[in-house]
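I'm going through the structure below a piece at a time and jotting down what I look up.

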Number of protein chains: 2
Amino acid sequence: MSLHSPQQTDSAQLKVDKTTLLSAFGKFLPPEAILFENEDLHPYECDGLSAYRQLPLIVVLPRTVDEVQQIMRLCHEHDVPVVARGTGTGLSGGALPLAEGVVLSLARLKSILEIDPVNRTARVQPGVRNLAISDAVKPDGLYYAPDPSSQIACTIGGNIAENSGGVHCLKYGLTVHNTLKLKVVTVEGELITIGSDALDSPGYDLLALMIGSEGMLGVVVEVTVKLLPLPERAQVVLAAFDDVEKAGTAVGEIIAAGIIPAGLEMMDGPAIQAAEDFVHAGYPTDAAAILLCEVDGSNQEVSEHILAVRELLQASGSTEVRTANDEAERLRFWQGRKSAFPAVGRLSPDYYCMDGTIPRHRLPEVLKKTAELSRTYNLPVANVFHAGDGNMHPLILYNANNPGELERTEELGGKILELCVSVGGTITGEHGVGIEKINQMCFQFKPEELAQFRAVKHAFDPDELLNPGKGIPTPKRCSEYRALGNHQHPHDDEASS
Amino acid sequence: MSLHSPQQTDSAQLKVDKTTLLSAFGKFLPPEAILFENEDLHPYECDGLSAYRQLPLIVVLPRTVDEVQQIMRLCHEHDVPVVARGTGTGLSGGALPLAEGVVLSLARLKSILEIDPVNRTARVQPGVRNLAISDAVKPDGLYYAPDPSSQIACTIGGNIAENSGGVHCLKYGLTVHNTLKLKVVTVEGELITIGSDALDSPGYDLLALMIGSEGMLGVVVEVTVKLLPLPERAQVVLAAFDDVEKAGTAVGEIIAAGIIPAGLEMMDGPAIQAAEDFVHAGYPTDAAAILLCEVDGSNQEVSEHILAVRELLQASGSTEVRTANDEAERLRFWQGRKSAFPAVGRLSPDYYCMDGTIPRHRLPEVLKKTAELSRTYNLPVANVFHAGDGNMHPLILYNANNPGELERTEELGGKILELCVSVGGTITGEHGVGIEKINQMCFQFKPEELAQFRAVKHAFDPDELLNPGKGIPTPKRCSEYRALGNHQHPHDDEASS
């Protein structure tokens with residue numbers, strides 16, 4: 001039994017029967033907006049973390065904010081837990097349903113409501129796909145910066161829930177840095193506005209609080225995003241290294257030189273090999289690691305920075321430095337990186353994508369220790385990650401059909417995350433906690449800190465109806481976790497006194 | 001009696017007498033760390049909003065985090081309200097004491113604990129002055145970006161409380177965008193860590209929540225700030241206009257062109273005249289408005305952008321465009337802007353500095369309506385502000401000795417803020433709500449939204465001991481405010497359904 005699963009025990013027993021609930025929904029939702037037969041529910045049984053599956057009681061698909069409000073009022077009245085969902089591309093099980101709960105799909109709220117090129121903002125509904133925003137504003141010479149690998153499919157609502165990043169967040173920030181205003185339906189069904197169209201907003205910063213809250217504080221029904229002007233030019237440099245740590249060091253040197261690349265990505269040997277076999281991006285397959293460093297901006301700026309980056313990479317001992325000759329080659333370089341996850345997937349029946357963040361300068365050391373852990377657990381690990389901002393994505397290759405291998409994989413994953421925390425990092429960069437990392441929360445935070453998270457949750461959702469069992473562990477869960485010999489990360493509070 | 005004052009009624013009656021409290025503090029604080037005689041308390045009776053004054057019961061000046069924890073434990077035990085304070089340069093009365101409360105001065109926690117040039121961070125105590133950070137990291141070629149006008153005197157702790165901005169926040173963001181981690185003492189005296197040294201942190205974003213919370217959620221005892229590399233070059237252009245609205249339009253055109261200036265400031269006729277008389281910056285005193293547009297970055301980038309900015313300004317009908325010939329002239333141009341507040345202060349016995357934010361493209365219209373309001377109330381208004389990010393600073397000139405003039409000034413100020421809200425802006429950009437704007441909170445937010453703020457406050461400070469009566473209005477205060485004929489801003493919630 002996986003440590004991750006007992007969340008079901010966190011969810012309350014339903015106080016109302018399915019039939020009553022269905023007829024109540026039927027009063028304001030058309031039949032096609034209510035799913036309850038097993039075959040209709042199956043597509044909703046998991047998100048991108050497919051190792052965990054659970055059929056929900058009911059799925060509702062509202063088309064208006066008013067319907068969302070009515071759904072929340074009804075569920076609140078009957079104490080029915082609600083799991084909000086976009087397109088289900090999340091990787092930490094944040095949208096895993098509850099057997100006794102309703103899945104609230106926001107997929108049908110998918111209109112772009114307003115584009116304001118002067119103020120550089122777009123007002124969109126939560127079901128709008130990340131990439132659809134950039135496509136819609138391209139005629140105005142604008143784009144929406146955060147670009148998770150899943151951007152073709154993932155929705156802006158899901159991006160808000162996970163505070164998604166992507167290849168370009170090193171320079172342009174995470175979702176929280178690119179969002180101005182939200183409209184949110186509270187657990188009671190009230191519609192509130194959070195943030196504003198202006199630079200800052202008075203009162204507590206509920207905007208940032210809501211972003212990354214994984215559907216546990218409210219249901220986002222409208223998002224106003226910031227847009228950026230499309231850069232005049234983008235250019236990418238590929239550097240090969242015969243040693244992973246050298247590549248890690250080069251990353252620090254590029255940043256220390258005062259250059260902020262649009263993207264600074266790293267892949268290690270196994271990832272390079274897999275990507276090359278898959279999409280033939282022209283990667284040097286004999287390299288122990290490659291860095292992809294993209295700079296964007298004005299022509300002058302890009303030329304300057306590419307020159308500086310090339311010199312830095314050569315000086316830091318790369319065996320080969322290549323600049324994309326044209327746009328086609330630039331896209332081919334990225335093609336390899338962007339298809340790295342599926343490419344690695346071809347090497348093994350299953351793979352587990354981790355997501356931890358570390359202070360940039362600890363990169364070489366963490367890569368070394370990850371390799372040691374990989375040997376200890378006898379499970380191959382491929383590394384594909386946002387090196388520039390220290391956001392690691394180790395991919396653990398395993399076979400779920402081998403008894404105990406999933407559990408061993410989870411344990412290795414847990415150790416890698418604890419390694420991240422122990423060097424001053426965190427257990428997640430952009431994928432969220434969800435159900436996947438809820439145990440590591442007990443490692444990352446002190447009981448007083450977890451208590452503060454719970455108090456904030458209580459301020460929005462006192463009855464624990466919004467995505468219960470995700471994100472923030474119960475004291476019970478943490479004591480179970482510690483009982484298994486896991487200890488909390490030693491904190492340095494004394495240092496400051 | 002001013003509408004702003006009845007906050008005293010919000011503060012609880014003290015359940016413990018002064019003598020008992022003094023002897024309790026004396027058990028762990030040296031005598032010089034406890035002030036209680038009137039003459040010692042006077043320096044703490046107000047902050048930068050000097051129209052409101054109140055002597056506190058006691059002032060304590062801890063030197064260690066441990067002392068701060070003991071102070072909070074003691075005040076919590078005895079239900080004594082606590083107002084945390086830096087150097088008191090705040091402009092919204094956020095540090096106004098309570099007659100029955102303790103002022104917790106963090107001025108003696110003023111060490112720079114650690115500078116990490118590789119990770120580009122500094123770990124400092126809350127009493128460190130904003131400018132002292134940049135001075136300390138200059139040898140590493142780094143600086144701390146947010147630069148409020150008060151940066152020589154104001155502390156980083158105060159910057160956290162107010163989410164301070166400054167001339168450069170258009171390009172480099174507010175305090176919240178330049179802070180990585182906080183150590184916070186809770187109302188119970190617990191020490192918790194919020195945020196991390198890595199790019200992102202799991203759980204709810206308590207870091208952003210704490211920043212700008214005006215001492216109402218906890219006491220910040222350590223701050224880890226992000227540092228930026230000093231730009232290779234900075235250059236400023238001064239443009240004169242014969243019409244304020246033309247200048248406002250030019251601002252939008254510069255931003256729309258995809259240039260993000262390091263600073264984009266505007267001054268109108270009265271402000272120009274006052275600044276010129278005061279510091280002789282060489283401003284064109286016949287102009288109705290001037291813009292100061294600074295760009296920074298690499299030499300190439302700056303040259304390109306200055307050229308583009310000059311063309312845009314000429315095209316938008318400026319009567320004169322001047323580029324600073326050298327660093328001395330660049331500093332002289334800024335000198336006028338930076339001394340504008342005191343300069344305007346020389347024109348009138350008293351002045352009241354407002355702080356509202358609007359969507360950039362509404363600038364011309366808001367300037368026009370502000371001028372109309374100024375005529376209606378027969379009180380001169382000078383405008384000096386961060387035009388680039390729509391952060392207005394109208395300065396109302398008045399004489400407190402004329403009966404009723406302060407009240408008329410407050411009323412005009414309120415109308416200007418409500419004008420900001422009505423065009424989609426907010427009642428504060430960077431000065432906070434404090435006691436000054438607590439009534440306008442009733443205009444900006446719906447009852448449901450204010451209730452959510454109160455619930456968050458309750459999650460951190462259920463007994464209302466941390467800076468009570470500031471920031472978030474009570475329902476009673478809002479009904480009093482509405483009883484006076486003020487109405488809540490009509491919201492556009494329907495628009496999205």
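I started with Glu365(A), which is partly exposed at a relative accessible area of 27%; the label covers the range between buried (under 20% relative accessible area) and exposed (over 50%), with a 1.4 Å probe and protein chains only. Its partner is Arg362(A): the two form a salt bridge whose closest N and O atoms are 2.8 Å apart. I count a salt bridge when a side-chain nitrogen of Lys or Arg lies within 4 Å of a carboxyl oxygen of Asp or Glu. Arg362(A) is partly exposed too, at 24% relative accessibility.

Ground rules, before I go on. This is a predicted model, where local features need pLDDT of at least 70 and side-chain atom pairs count only at pLDDT 80 or more, while totals for chains, interfaces and linings use all residues. Residues are numbered from 1 along each chain as its sequence is written, chains are lettered from A and ligands numbered from 1 in the order in which they are written, and side-chain values use heavy atoms, with hydrogens and water left out.

In chain B I looked up Glu327(B) and Arg330(B), whose closest N and O atoms are 2.9 Å apart in a salt bridge. They sit three residues apart in helix α11 (residues 327-338) of chain B, so about one helical turn separates them. (Helices are DSSP runs of H or I with at least four residues, strands are runs of E with at least two, and both are numbered from the N terminus.) Glu327(B) is partly exposed at 42%, whereas Arg330(B) is buried at 12%.

Next I checked Asp461(B) and Lys457(B), which meet in a salt bridge at 2.8 Å, N to O. Are these two buried or exposed? Both are buried.

**Two single residues**

Glu67(A) belongs to helix α3 (residues 65-77) of chain A and is buried, with a relative accessible area of 7%. Setting aside neighbours within four places in sequence, I see Glu67(A) in contact (heavy atoms within 4.5 Å) with Phe28(A), Leu29(A), Pro30(A) and Pro62(A).

Ala24(B) lies in helix α1 (residues 18-26) of chain B and is buried at 13%. From Ala24(B) to Asn467(B) I get 443 residues in sequence and 21 Å in space, C-alpha to C-alpha.

**Where the chains meet**

What does the contact take from each chain? It takes 77 residues from chain B and 77 residues from chain A. Together the chains bury about 6500 Å², 60% of it on carbon and sulfur atoms; buried area here is the accessible area (1.4 Å probe) that two parts lose on being put together, summed over both. Between chain B and chain A I found zero salt bridges.

A rotation of 180° with 0.0 Å of shift along its axis puts chain B on chain A, RMSD 0.0 Å. That is the relation of a two-fold axis. The same surface serves both copies, as 99% of the contact residues of chain B recur in chain A.

Note on methods. Least-squares fit on C-alpha atoms with pLDDT ≥ 70 in both.
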